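Please look over the sequence and the coordinates that follow before reading on.

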Amino acid sequence: MFNLISRCWFMSFPISICVVFSFICTPCVLVVADDVVATKKNTSAEDYYELGSTCAIRQNNTEAVKYWHKAAEMGHSEAQFMLGSYYAMGKGVDQNYTEAIKWFHKSAEQGNAVAQYCLGECYLNEDAEEAVRWFRKAAEQEHVEAQFRLGYCYRQGKGVTQDFDEAVKWWRKAAKMGNSEAQFFLGACYYDGRGVTRDYEEAVKWYRKAAEMGHEGAQYNLGNCYCDGDGVVQSYTEAEKWYRRAAANGFEPAIDALKVLKALKNSSY
């Protein structure tokens with residue numbers, strides 16, 4: 001069977017960045033009464049940020065943007081990030097990627113790792129070197145997705161000189177933190193002997209971790225390992241199990257592999 005190197009779904013900025021934000025841009029703060037802030041004589045950036053977050057929780061996005069803008073202008077890093085996020089998504093304000101990047105920059109320059117990562121995503125298809133710079137800053141702060149992206153850039157030679165050793169280094173960090181894409185790519189490196197000594201058993205270990213998290217490519221590759229006896233005792237039963245899991249999600253290579261496996265099993269009778 002063929003060992004699959006994952007298809008990376010790196011979408012264009014307008015789509016991908018909105019997908020990212022849908023997961024990370026819900027403010028998690030205690031709801032405070034509007035009048036508590038309104039009656040204070042010296043309203044702080046934190047006050048405005050919390051008030052904006054309260055409005056966002058109440059689905060009043062226009063008001064949220066208004067208060068975050070006040071906090072952001074006062075230098076509040078989280079407000080700057082949230083403001084950039086809402087400009088990117090067009091929530092409570094007209095969608096404006098230039099404004100989004102402007103506020104991400106302000107937040108990222110203050111060391112906000114999530115803003116640094118998002119800024120890397122913004123630059124990835126336009127200025128790979130700048131993307132790498134921001135991914136690295138976030139990755140060094142243990143931002144898992146940034147670690148994966150940085151590893152990917154090293155693998156592809158995107159914005160940096162291609163270096164599989166560096167790719168493995170960053171994927172290992174992300175993989176240990178449970179990132180299934182990093183686990184998959186790390187498994188592929190061990191399978192192919194790129195950046196590490198070829199080790200099928202280690203490849204199976206990382207494929208399995210990603211497969212158990214639902215990564216279709218890892219499920220397919222783990223099925224291949226069982227089919228061919230690479231790093232595990234050959235088992236068509238186990239191969240079929242993992243192919244079926246990948247195929248259940250419409251993964252075409254796994255659907256084809258099930259047909260081949262059926263023919264192999266029939267020929268062995």
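The protein chain has a mean pLDDT of 88, and 84% of its residues reach 70 or more. Over residues 5-19 the pLDDT falls below 50, although this stretch has 32 contacts in the model beyond near neighbours in sequence. Residues 28-33 also have a pLDDT below 50, with 11 contacts in the model beyond near neighbours in sequence. The model is a predicted one, and local features are taken from residues with a pLDDT of at least 70.

As for the overall make-up, the protein chain contains 15 helices and 0 strands. Of its 269 residues, 49% are buried, and the chain exposes about 12900 Å², of which carbon and sulfur atoms supply 48%. When contacts between residues at least 6 apart in sequence are considered, 52% of them join residues at least 24 apart.

Helix α8, which runs over residues 128-139, has 12 residues, and the distance from its first C-alpha to its last is 16 Å, close to the 16 Å expected at 1.5 Å a residue. Its buried residues are Ala128, Glu130, Ala131, Val132, Trp134, Phe135, Ala138 and Ala139, and what covers them includes α6, α7, α9 and α10.

Helix α9 has 13 residues, which should span 18 Å at 1.5 Å a residue; the end C-alpha atoms are 19 Å apart, in agreement with that expectation. Because 11 of these 13 residues are buried, α9 is largely enclosed by the rest of the structure. The buried set comprises Val144, Ala146, Gln147, Phe148, Arg149, Leu150, Gly151, Tyr152, Cys153, Tyr154 and Arg155, and the cover over these residues includes α7, α8, α10 and α11. Just after α9, Gly157 takes a positive phi of about 70°.

Leaving aside residues up to four places away in sequence, Gln80 touches Ala72, Gly75, Trp103, Lys106, Ser107 and Gln110.

Charged side chains bring in another kind of pairing, and the count of salt bridges comes to 8. One of them joins Glu99 and Lys102, with an N to O distance of 3.8 Å. Both residues lie in helix α6 (residues 97-108), 3 residues apart, or about one turn of the helix. An α-helix has 3.6 residues a turn, so residues three or four places apart point the same way. Glu99 is partly exposed, with a relative accessible area of 21%, and Lys102 is likewise classed as partly exposed, at 34% relative accessibility.

A salt bridge is also found between the side chains of Lys169 and Glu166, where the N to O distance is 3.9 Å. These two residues belong to helix α10 (residues 164-176) and are again 3 residues apart, about one turn of the helix. Lys169 counts as partly exposed, its relative accessibility being 37%.

In helix α12 (residues 200-212), Lys205 and Glu202 are 3 residues apart and thus separated by about one helical turn. Their salt bridge has its closest N and O atoms 3.4 Å apart. Here Lys205 is partly exposed, at 37% relative accessibility, whereas Glu202 is buried, with a relative accessible area of 19%. Since buried means under 20%, the 19% of Glu202 places this residue in the buried class.

The remaining topic is the cysteines, and a search of the whole structure finds 0 disulfides. Cys122 is in no disulfide, and the nearest cysteine sulfur, which belongs to Cys118, is 6.8 Å away.

Key:
Residues numbered from 1 in each chain as written. Predicted model: local features only at pLDDT ≥ 70, side-chain atom pairs only at ≥ 80, totals over all residues. Heavy atoms only, no water. Salt bridge = Lys/Arg side-chain N within 4 Å of Asp/Glu carboxyl O. Helix = DSSP H or I, 4+ residues; strand = E, 2+ residues; numbered from the N terminus. Buried < 20%, exposed > 50% of the residue type's maximum accessible area, 1.4 Å probe, protein only. Expected span 1.5 Å × (residues − 1). Contact = heavy atoms within 4.5 Å. Areas by Shrake-Rupley, 256 points an atom, 1.4 Å probe, with all protein chains shown as cover. pLDDT = per-residue confidence, 0-100. Disulfide = S-S within 2.5 Å.
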